[in-house]
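Please look at the sequence and the model below. A few questions on its sheet and helices follow.

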Amino acid sequence: MPDIGLFDVIGPWMVGPSSSHTAGACRMASTALKIFGKEPEEVKFTLYGSFAETYRGHGSDKALLGGVMGFDTFDIRIRDSFELAEKRGLKYRFIEDHETKTAHPNTVRIELIADGGESRLVTTAVSIGGGKIKIIRLDEVDVNFTGEFPTLILKHCNVPGVISYFTGILSDYSVNISSMRCYAEPDGKTSYSIIESEQPIGSEIIKDIRSNKLILNSILIQ
Amino acid sequence: MAFSSGEELIRLCEAEGISISEAMLRAEVERGKQNREEVLDFARKTLEVMRKSYQEPLEKPVKSIGGIMNGEGHKLAQRLKNGENLCGPLVTKAIAYSMSVMEQNSAMGCVVAAPTAGSSGVMPGVFFAMQEERGLSDDELIKGFLCAGAVGYLYMRNASVAGAEAGCQAEIGAASAMTAAAVVEMCGGTPAQALSASAISISNLLGLVCDPIAGLVQYPCQMRNAMGASNALTCAEIVLSGTMGIVPFDEMLDTMYKIGKDMPSSLRETALGGCAATPTGCKWRNKIFGSKESKDGKESKE
Ligand code: SF4
């Protein structure tokens, strides 16, 4: 049974008009921003399915752009996203893809670029209704998490012992793992592990985990 | 949650001698995310966002994206001010405020999804009309808020509140059922009466399809919010007079969901049927999004 709380029923606070196409759009983009971890210089949104059809009428474009500027679903600056992005010098593009068939009708691909092109992250997200979202792809890897809970994403070498290594550290710090999934990159050499917890994960824990060379990168969303 | 059906909820309330709002508050605290004070505090803040969501467009009417809506709430409030209204101040305010929230929503103002953005007018419309006309305090409104939350929880847990899944009977239907129960509790009715008002409210909207013109949450959505608000008040009135519906809440919710699943997809938010597929609905869509000739003929025939 999904855990539904009072404020999932009456909420979120949001800029209209659509919980899936406006609030959800904003959350997809703000989650992508959190994963990216820095201010982007450029962003490209590819809109599929019903997003490609109706994004203008639902203000999805403004909400997506607002999301990558770090606005929350109820921030009325979303209305002025285009002007605000221009003021910040954030370059943006919306690409409608009416051809590609996606598994979920509300899919958006978000490409964030910074450091003059040196840093780049491609996140694919779906808006699953009521303002809720899921991240389904990070760069080349299929994933599945919401970003609602403290989430630690580790990129690591795909060799025996790595997983027990970092889960050991988490348990040393008494961090309770509520869900964990591992995904191997197509090359088979590197993997992503996505760990969700109910408690915040402190920076000292990340430092400990990162001290091992087999851990290539870490992203913390909370 | 301490309850997973309407029947369990009523049993719990009767066993503990508590209201639905108290049962919901306890259940929310038991989830372990917030304590009692924090839940109440967030509910109060949410109520304030709701209040603004109807007040802003009443004071400053705004045009929706695409221009379908334009100051309807204000016009209704004006009529009431001039003493010309038909429905009496409580109902007129409820429909004026609920329509106002929809203007706010479609003009990218801030609303509270209750339970969805498309149905976000029903609860605040009725709540603030009740506050003004019956002199309810904010604390009394918070009780209604919690009671509405319990009904919405059951809707989400055991059926759906998504128009795309089960039609407008799920979306406006949920908002109206939540609000009907809340009104009963705010007027001093029993938990059984509150859920009975919800059940009647669901039965009144059984089969209602989701058919937004141009796929936008504007028309018929705005009018449906007004209808959801007046339906909630109507059902509460019936129950408070001592008449209880004969089909219990859980059965009514279940049958609503089954009907929703049987609905063709053209009547579940795809904007391919109902109001959206009328010649006028198509004309508006073309006006807003530009014409799509190839699709047109097919769609209007469906
Ligand atoms: S018609 Fe559809 S979009 Fe409009 S209020 Fe009803 S369920 Fe929501």
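**Sheet and helices**

Q: Which strands of chain A does helix H2 (residues 19–36) of chain A lie across, and at what angle does H2 run to E5(A)?
A: This is a predicted model, in which local features need pLDDT of at least 70, side-chain atom pairs count only at pLDDT 80 or more, and totals for chains, interfaces and linings use all residues. Residues are numbered from 1 along each chain as its sequence is written, chains are lettered from A and ligands numbered from 1 in the order written, and side-chain values use heavy atoms, without hydrogens and water. Helices (H or I, at least four residues) and strands (E, at least two) are DSSP runs numbered from the N terminus; contact means heavy atoms within 4.5 Å, and angles run from 0 to 180 degrees between N-to-C directions of axes fitted to C-alpha atoms, for helices over the stretch in contact. H2 of chain A lies across E2, E4, E5 (119–129), E6 (132–138) and E7, and its angle to E5(A) is about 150°.

Q: Which strands stand at the edges of the open sheet in chain A?
A: The six strands have mixed pairing and the order E3-E2-E4-E5-E6-E7, where pairing takes at least two DSSP bridges. One side of each edge strand has no neighbour in the sheet, because each has a single partner: these are E3 (91–96) and E7 (141–145) of chain A.

Q: Which residue in E4(A) stands opposite A:Thr46?
A: Strands E2 (residues 42–47) and E4 (residues 107–114) of chain A pair in the antiparallel sense over six bridges. Opposite A:Thr46 stands A:Arg109.

Q: At roughly what angle do the axes of H6 and H7 of chain A cross?
A: The axes of H6 (residues 162–172) and H7 (residues 203–210) of chain A come within 10 Å. The crossing angle is roughly 150°.
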